[in-house]
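Hi everyone, thanks for making time this morning.

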There are 2 protein chains.
Amino acid sequence: MSNDKIHAVTLKDIDVTGGFWAEKMALVREISMWNVYKRFSDTGRFDAILFKWKDGMPNKPHIFWDSDVAKWMEAAAYYCLKQRDPKFEEIIDSIVDSIEANRMADGYFNSYYEVIEPQNRFTKRGNHELYCAGHLIEAAVAYDEATGKHKFLELMIDYVNLIYKVFMVDQSAAFRTPGHEEIELALVKLYRHTGEKRFLDLALFFVNERGVTENELYNQAHVPVREQTTAVGHSVRACYLYCAIADLAKETDDESLKKAAETLFNNIVERRMYVTGAIGQTCVGEAFMGDFDLPNLTAYAETCANLSLALFARRLSVLEPKGVYADTAERVLYNSFLSGMSLDGRSFFYSNMQEKDLRDSRRSYNDRHRVFCPAPQRVEVFSCSCCPPNVVRTIASVVDFQYTTDGETIWCHQYICSKAAIDGSGIEMRTEYPYEGRIAVSFTGTAKKLALRIPGWCQSFSFVQNGDVKTLIPKDGYVTVAVNDGDELYLDLHMPVRFVEADPRVWDDAGRVCVTRGPLVYCIEAVDNAADDPLLIRDIRLVESSDYKVLWNVIPDVPVLETEGYVRNWSGKALYDIAAPLEKKTVRLIPYFAMANRGESDMVLWTLRANA
Amino acid sequence: MSNDKIHAVTLKDIDVTGGFWAEKMALVREISMWNVYKRFSDTGRFDAILFKWKDGMPNKPHIFWDSDVAKWMEAAAYYCLKQRDPKFEEIIDSIVDSIEANRMADGYFNSYYEVIEPQNRFTKRGNHELYCAGHLIEAAVAYDEATGKHKFLELMIDYVNLIYKVFMVDQSAAFRTPGHEEIELALVKLYRHTGEKRFLDLALFFVNERGVTENELYNQAHVPVREQTTAVGHSVRACYLYCAIADLAKETDDESLKKAAETLFNNIVERRMYVTGAIGQTCVGEAFMGDFDLPNLTAYAETCANLSLALFARRLSVLEPKGVYADTAERVLYNSFLSGMSLDGRSFFYSNMQEKDLRDSRRSYNDRHRVFCPAPQRVEVFSCSCCPPNVVRTIASVVDFQYTTDGETIWCHQYICSKAAIDGSGIEMRTEYPYEGRIAVSFTGTAKKLALRIPGWCQSFSFVQNGDVKTLIPKDGYVTVAVNDGDELYLDLHMPVRFVEADPRVWDDAGRVCVTRGPLVYCIEAVDNAADDPLLIRDIRLVESSDYKVLWNVIPDVPVLETEGYVRNWSGKALYDIAAPLEKKTVRLIPYFAMANRGESDMVLWTLRANA
């Protein structure tokens with residue numbers, strides 16, 4: 001089912017009213033935004049875009065710093081959209097003034113190139129120049145919508161007009177398509193905001209030209225995009241490109257682009273994605289590896305990469321409402337995206353551990369044989385600090401994932417406490433999701449059809465409309481009901497603990513199980529289970545059908561599972577001719593997103609099944 | 001129980017009469033010896049020791065080539081001991097003549113130093129100079145015993161006298177102890193052969209001085225040997241040193257050396273040894289890693305290292321007859337030692353895979369992130385070709401592992417078809433070991449006590465003496481009976497298939513089982529079980545108590561096990577919310593030593609237990 005009229009319902013039409021995401025949004029607004037701001041100020045990122053850096057000073061501008069600041073500005077704009085904020089606006093306005101004052105005469109703006117090597121603009125494909133432009137465009141669109149102040153957007157439109165001329169008309173740049181994709185999806189956003197078809201044409205140009213004359217697998221320029229069938233190269237670049245492909249398939253009704261997007265998505269989700277929704281298996285090139293090649297200890301799983309898969313999935317939901325898209329966005333959002341930020345909102349992971357053996361991080365391999373293992377602790381800022389502002393802008397606008405509509409049917413993809421105004425109808429949703437599966441919906445206004453997602457993990461559910469129990473059969477991942485003014489709906493997605501297994505071609509997971517409850521993937525940390533000998537967490541055997549208690553006091557406000565499992569009573573030798581007897585052991589599991597919030601700890605996502 | 005009078009019974013007093021080892025010895029004599037000879041000739045190793053290399057020619061002599069040739073000569077000498085062989089002797093004699101003609105005036109001999117950098121002799125601790133001397137000493141002792149031609153031994157004694165003077169008396173060398181241990185154990189051999197106490201003193205000097213003024217962990221000179229408690233550094237060097245420690249504990253009755261040897265042995269066997277008996281976990285420094293740190297895919301497990309553990313264990317058996325020593329020698333000999341040679345006797349592994357994922361060998365990691373994975377196929381010669389001659393000399397003299405005696409009790413450590421003459425008694429042993437556990441013994445001559453090892457893997461056995469069933473209780477791994485002239489003994493070590501498990505601190509093996517039968521460790525190769533999709537061998541689930549048929553036609557003369565196991569019926573996605581159903585599958589397992597004889601194949605030693 002493809003439906004040309006489907007479009008996303010966005011932040012402007014939805015207010016988050018409580019629950020899980022309201023807390024995250026408040027935490028980010030109060031803590032994370034200012035912590036990222038402080039760290040970016042400390043490291044010179046704001047000074048750079050304000051053109052305060054002078055030769056000889058520390059913190060020399062870097063090629064991708066504009067994008068770091070732009071994502072922070074975009075996040076601030078989303079908060080301003082809901083509640084104008086003089087402190088955020090003052091910072092953004094000063095940057096906009098700087099852009100106006102410091103841009104080149106022809107509209108070009110880049111704080112690195114203008115200051116450090118102005119003679120080299122548009123000459124180095126690998127230098128993130130158009131990537132920075134893309135993020136500034138996204139920020140400008142968000143700020144325009146939030147405040148009605150047009151200057152930022154006008155400056156960026158001038159810049160885009162220059163890019164259009166240089167790349168499409170004159171073709172005078174030293175390269176043909178961006179080395180780091182991002183501007184393509186930003187141009188579609190700009191087109192949707194302004195209605196100016198030229199921006200769509202430029203996005204399409206970049207996507208169509210990709211892999212035609214240039215030939216780099218690392219940034220998906222190895223073959224034309226319509227011939228790409230497996231996700232390869234740098235994973236963030238890949239999914240940003242795939243986002244644009246999906247967007248352009250939508251806007252231009254191009255079936256070949258839609259096919260390419262679907263094929264690439266299926267390749268990722270069926271064969272190159274961790275159970276947490278993380279992608280980009282290897283540090284080498286921050287890249288995808290082959291099918292089923294999902295090593296845990298050395299997983300790269302960059303926060304931005306994981307998020308980029310959710311962004312791609314969200315765009316596919318707009319193209320066609322199939323449950324697997326929203327399922328995937330959900331898998332990422334509640335697991336490998338959220339793991340990127342500490343529970344206190346202050347620090348961030350670049351690479352998200354899929355398993356931790358602290359021995360490995362400490363092994364004295366020499367340089368030739370060094371094995372990458374992710375950092376065991378989040379930090380407040382890193383030299384390549386793309387992830388923190390990506391996290392904050394996404395949490396600020398997370399309701400963008402909630403609804404799409406074609407005017408007749410409203411699809412609910414994500415369950416978030418909110419009030420939404422959609423095509424003359426109002427939807428108020430109340431839920432403790434993702435911790436409980438009960439969702440209450442009050443519908444008002446113009447009658448519609450409402451399609452509610454039944455997640456792939458959900459094996460049974462109940463549905464009540466105005467007090468009447470209804471038996472509904474999901475189709476493509478959704479149940480659809482007619483709704484009228486005043487309707488009260490109640491959906492209960494049953495959420496028992498379930499074990500996920502992996503195909504044995506996933507070497508590290510074969511024969512093991514991963515514990516999940518609803519959309520949450522659970523992990524086992526040594527700190528809860530084997531503080532004396534962390535490695536022993538690999539020997540825990542669990543029963544899927546046993547009783548799992550939810551504890552709320554182990555980590556404040558985070559549901560920790562406690563159950564009776566088994567371990568062998570080993571006595572300290574490596575090998576046993578006769579296995580030691582199994583003994584009962586109380587085992588605690590925590591949501592993956594809450595991992596590594598209590599110091600360094602060994603951690604596993606994949607454990608053993610008792611009575612397999 | 002320590003018994004000063006215990007000594008090993010050696011090749012000179014034992015004739016192998018058939019069975020497993022007779023076949024290996026014949027194969028090595030006919031094929032391997034000449035293949036190694038040819039490859040060593042091709043690569044210049046024989047020319048080097050014959051001083052035929054001249055500046056500008058290819059195959060420039062290398063610092064450790066003397067040791068390669070010496071081990072080949074030692075092997076040839078063992079064959080000559082049983083049956084004089086003009087072809088072997090001609091080669092050895094020509095080398096002995098070369099040593100006589102080309103040694104320095106003071107007795108020094110080293111084909112690398114004399115030709116390439118004579119000014120630098122005894123100046124570079126890391127350059128294998130005394131290691132080469134040690135192997136030449138071992139060869140000379142063997143040749144002296146085999147042929148009664150004394151020249152080789154006399155030349156080496158001259159050289160040892162020089163080493164004694166330079167290192168012990170004048171202390172004029174630029175280093176104090178060898179960078180690569182080996183000469184220490186060779187000097188004990190020379191002492192035992194000649195009775196000359198000076199050679200024992202020199203061995204003791206090298207061992208006692210180790211770690212006193214020099215400080216290198218890599219070659220076990222980090223602390224004095226009596227303070228060493230964990231096996232560290234280069235694993236071959238380590239176990240050669242430990243051999244000498246055990247030998248010297250024996251010869252000098254030094255309890256502190258005995259304690260050190262036992263402690264180091266226990267550390268290896270309980271915590272740093274693979275199920276195949278392989279040691280030296282990492283390619284980085286060809287070294288030991290930490291306790292329980294036994295990664296399979298990246299295991300180094302050099303053939304020489306594995307063998308060196310067996311040599312160490314054999315020496316401990318002489319020091320004290322505890323079953324764990326001979327158990328360990330057996331584990332190595334039938335598994336990670338024998339895996340070092342192809343079934344056709346022509347090619348060799350340096351590093352012995354403990355698991356193979358052909359994907360890993362082919363992954364395009366860049367140089368900074370390269371992961372070592374062992375070669376998937378044996379080759380005929382390698383640039384560092386220490387292993388092939390080490391394999392042949394050990395097979396030629398494998399009965400050195402069979403017996404020790406103190407004149408009253410004869411301990412049988414290994415079950416080999418042979419006739420032995422020990423202290424006026426004769427023992428004829430007939431067995432299909434290691435493939436069957438039935439062992440028949442005919443005893444003649446002077447009455448003795450006979451102690452027969454009950455292997456650690458053996459949970460039940462029966463024993464018959466002259467037709468009478470006797471119930472015996474093993475003590476320290478042995479059952480002991482009085483034997484008289486004409487006694488016929490029959491020991492049946494029951495050999496069902498057994499699963500070995502690993503402590504969960506052994507990350508890669510946790511929750512898995514390794515299939516064994518008697519002393520043989522079995523592995524699963526993709527070629528037998530999942531040729532279409534090799535990775536699926538990781539999903540095989542076996543039942544310990546099910547029926548295991550022995551097939552002799554899959555690999556000629558090698559007992560392959562066939563049983564009914566289970567696999568999941570996966571459909572090709574990486575992750576499953578609901579596990580696919582289990583299906584029956586006929587599974588074949590092969591002895592580990594026979595792995596990789598039918599082309600490259602994925603291989604696992606650790607598989608899943610059904611109904612765990």
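This is a predicted model: local features need pLDDT of at least 70, side-chain atom pairs count only at pLDDT 80 or more; totals for chains, interfaces and linings use all residues.

Let's begin with the chains. How can chain A be laid on chain B? A turn of 180° does it, with a shift of 0.0 Å along the axis, and the RMSD of that superposition is 0.0 Å. The two copies are thus related as by a two-fold rotation axis.

And where do they meet? Of the interface residues of chain A, 100% are also interface residues in chain B, so the copies meet through the same surface.

Now let's go inside chain A and look at two helices. Two packed helices are described by the angle between their axes and the distance between the axes. Here, helix H4 of chain A covers residues 86–102 and helix H6 of chain A covers residues 129–147. Their axes come within 12 Å and cross at roughly 125°. H4(A) and H6(A) are therefore oblique to each other, and the crossing is left-handed.

Which residues make that contact? On the H4(A) side you'll find A:Glu89, A:Ile92, A:Asp93 and A:Ile99. Facing them from H6(A) are A:Leu136, A:Tyr143 and A:Thr147. Sorted by class, that contact has four nonpolar residues, one polar and two charged.

H4(B), residues 86–102, packs against H6(B), residues 129–147, at an angle of about 125°, with the axes 12 Å apart. That crossing is left-handed too. In chain B the contact involves B:Glu89, B:Ile92, B:Asp93 and B:Ile99 from H4(B), together with B:Leu136, B:Tyr143 and B:Thr147 from H6(B). Once again, the residues divide into four nonpolar, one polar and two charged.

Last stop: the aromatic rings. How many aromatic pairs are there over all chains? The count comes to 58. Let me show you one of them, A:Phe20 with A:Tyr435. The ring centres are 5.5 Å from each other and the planes are 85° apart, an edge-to-face arrangement.

Where do these two residues sit? A:Phe20 is in helix H1 of chain A, residues 19–42, while A:Tyr435 is in the loop between strand S7 (425–431) and strand S8 (438–445) of chain A, so the pair ties together parts that are 415 residues apart in sequence.

Definitions and conventions
Residues are numbered from 1 along each chain as its sequence is written. Chains are lettered from A and ligands numbered from 1 in the order in which they are written. Side-chain values use heavy atoms; hydrogens and water are left out. Copies are superposed by least squares on the C-alpha atoms of residues with pLDDT of at least 70 in both. Contact means heavy atoms within 4.5 Å. Axes are lines fitted to C-alpha atoms, for helices over the stretch in contact, and angles run from 0 to 180 degrees between N-to-C directions. Helices (H or I, at least four residues) and strands (E, at least two) are DSSP runs, numbered from the N terminus. A crossing is left-handed if the near helix is turned anticlockwise from the far one by less than a right angle, and right-handed if clockwise. Ala, Val, Leu, Ile, Met, Phe, Trp, Tyr, Cys and Pro count as nonpolar, Asp, Glu, Lys and Arg as charged, and the others, Gly among them, as polar. Rings of Phe, Tyr and Trp (its six-membered ring) pair if their centres lie within 6.5 Å; planes under 30 degrees apart count as stacked, over 60 as edge-to-face and the rest as tilted. Angles under 35 degrees count as roughly parallel, over 145 as roughly antiparallel, 65 to 115 as roughly perpendicular and the rest as oblique.
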